[in-house]
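User: Can you walk me through this one? I'm new to reading models.
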Amino acid sequence: MIPYQLGNLSQLEYLSLERNSLAGAIPSQLGRLTHLQYLALSDNIIDGQIPYALGNLSQLQYLDLGYNSLSGALPFHVGNLPMLETLKLNFILDLKINDRKWLSTLTSLTNFALSGFSHQWLQIINKLLPKLIELRLSRCQLSDNDIYSLFHSHSNFSTSLTILDLSENMLTLSTFHLLSNFSITLHELYLSKNNIMSFPLYLNFPSLVILDLSYNNLASSTFQGISNFGSKLKVLRLRLCNLSDNNFHATSPSIMNSSSSVDILVLSRNLLTLAIFHWIFNFTTNLHTLDLGGNLLEGPIPNGFGTEMRSIEVLS
């Protein structure tokens, strides 16, 4: 169990007890740590309700209670945790909120993570969006309609939002198109384990650096080149997407030999043969990391790959 005596460490500013198989309740004595700025209790088996006393942590900037067996409601009210910047509430059972106005009045909140929530939270998240930098809503059973309700207009999509994680939901290509219209500032987009069945030829993600579409069935997609994912893209993950050589080809000579900014490319656990090597070095020579594990590779790697791909540091 978490020792209640920790509440006596009156000058403590940082407390991380993550991944320690801790059980029992969160001791209310932690509410005495009025200098605490960072509190992480995630990935344990802590149960019971969140103590009201945590609302006394007026200096707290980071709070992670996720991946525990907590139940009940968030006990915080308007005025509690005024300095909070990051709030992570992943997989807290039957989580409710005592005061809905509390979250919307957290003027410093920029990072928010919630998993397995009920749809009553959508309206609350909607009010948070204008000031968020990072939003993670994985494994929330979200549909395309839910995303439309969150991002229904340009004004509703925060100009500050740079990281969006919607992995492990029920989203389709419609959500992809919606985000492409509004996501001018997105740097990282995670859409793995959804129901995206195809991929648009051209995207409007001018600032995107990381894109993860792993574990979607993209067998009907056509990838003309890496550069059409975005001019700033650095990391592209397409793991286990049912991709074959037929998905990768050029339709225009102008696309051939176009340099790409991508330096990490993950195509593992697909149905690719050695032909993928030719496609890769025809579109980029900047790769640092290439993962082709778990495919149908057989025979010698083409010599051209060795002469062109001089930036490769990691090859799987």
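**Rings, core and sheet**

Analyst: Start with a charge and a ring. The charged end of Lys-193 sits over the ring of Tyr-215, 4.9 Å from its centre. "Over a ring" means that NZ of Lys or CZ of Arg is within 6 Å of the ring centre and within 35 degrees of the ring normal.

User: What kind of model is this, and how are residues numbered?

Analyst: It is a predicted model: local features need pLDDT of at least 70, side-chain atom pairs count only at pLDDT 80 or more, and totals for chains, interfaces and linings use all residues. Residues are numbered from 1 along each chain as its sequence is written, and side-chain values use heavy atoms, with hydrogens and water left out.

User: How many aromatic pairs turn up?

Analyst: Eight, from a search of the whole structure. Rings of Phe, Tyr and Trp (its six-membered ring) pair if their centres lie within 6.5 Å; planes under 30 degrees apart are stacked, over 60 edge-to-face, and the rest tilted. Tyr-14 and Tyr-38 are a stacked pair, 4.2 Å centre to centre with 10 degrees between the planes.

User: Where do Tyr-14 and Tyr-38 sit in the chain?

Analyst: Tyr-14 is in strand E1 (residues 14-16) and Tyr-38 is in strand E3 (residues 38-40). They are 24 residues apart, so the pair links distant parts of the chain. Helices (H or I, at least four residues) and strands (E, at least two) are DSSP runs, numbered from the N terminus.

User: Is Tyr-38 buried or exposed?

Analyst: Tyr-38 is buried, with a relative accessible area of 18%. Buried means under 20% relative accessible area, exposed over 50%, and partly exposed in between (1.4 Å probe, protein chains only).

User: Which pair is tilted?

Analyst: Phe-76 and Trp-102, at 5.0 Å centre to centre and 40 degrees between the planes. Phe-76 is in the loop between strand E7 (73-74) and E8, while Trp-102 is in helix H1, 26 residues apart. Both Phe-76 and Trp-102 are buried.

User: New topic. Which residues have the most contacts inside the largest nonpolar core?

Analyst: Leu-103, Phe-112 and Trp-121, in a core of 90 residues. A nonpolar core is a set of buried Ala, Val, Leu, Ile, Met, Phe, Trp, Tyr and Cys residues joined through side-chain atoms within 4.5 Å. Helix H5 (275-283) is among the elements that supply at least two residues. H5 gives the most, with six.

User: What does Phe-112 touch?

Analyst: Not counting residues up to four places away in sequence, its contacts include Leu-87, Leu-103, Trp-121 and Arg-136. Contact means heavy atoms within 4.5 Å.

User: Back to H5. Which of its residues are buried?

Analyst: Ile-276, Phe-277, Trp-279, Ile-280, Phe-281 and Phe-283 are buried. The buried residues of H5 pack against strand E16 (264-266), strand E17 (289-291) and helix H6 (303-308). Ala-275, also in H5, is partly exposed at 37% relative accessible area.

User: What order does the three-strand sheet have?

Analyst: E2-E4-E6, an open sheet with parallel pairing. Two strands pair if DSSP finds at least two bridges between them. Strand E4 (residues 45-48) has two bridges to E6. One partner for Asp-47 is Ser-69 in E6. E2 (23-24) and E6 (69-70) are the edge strands, each pairing on one side only.
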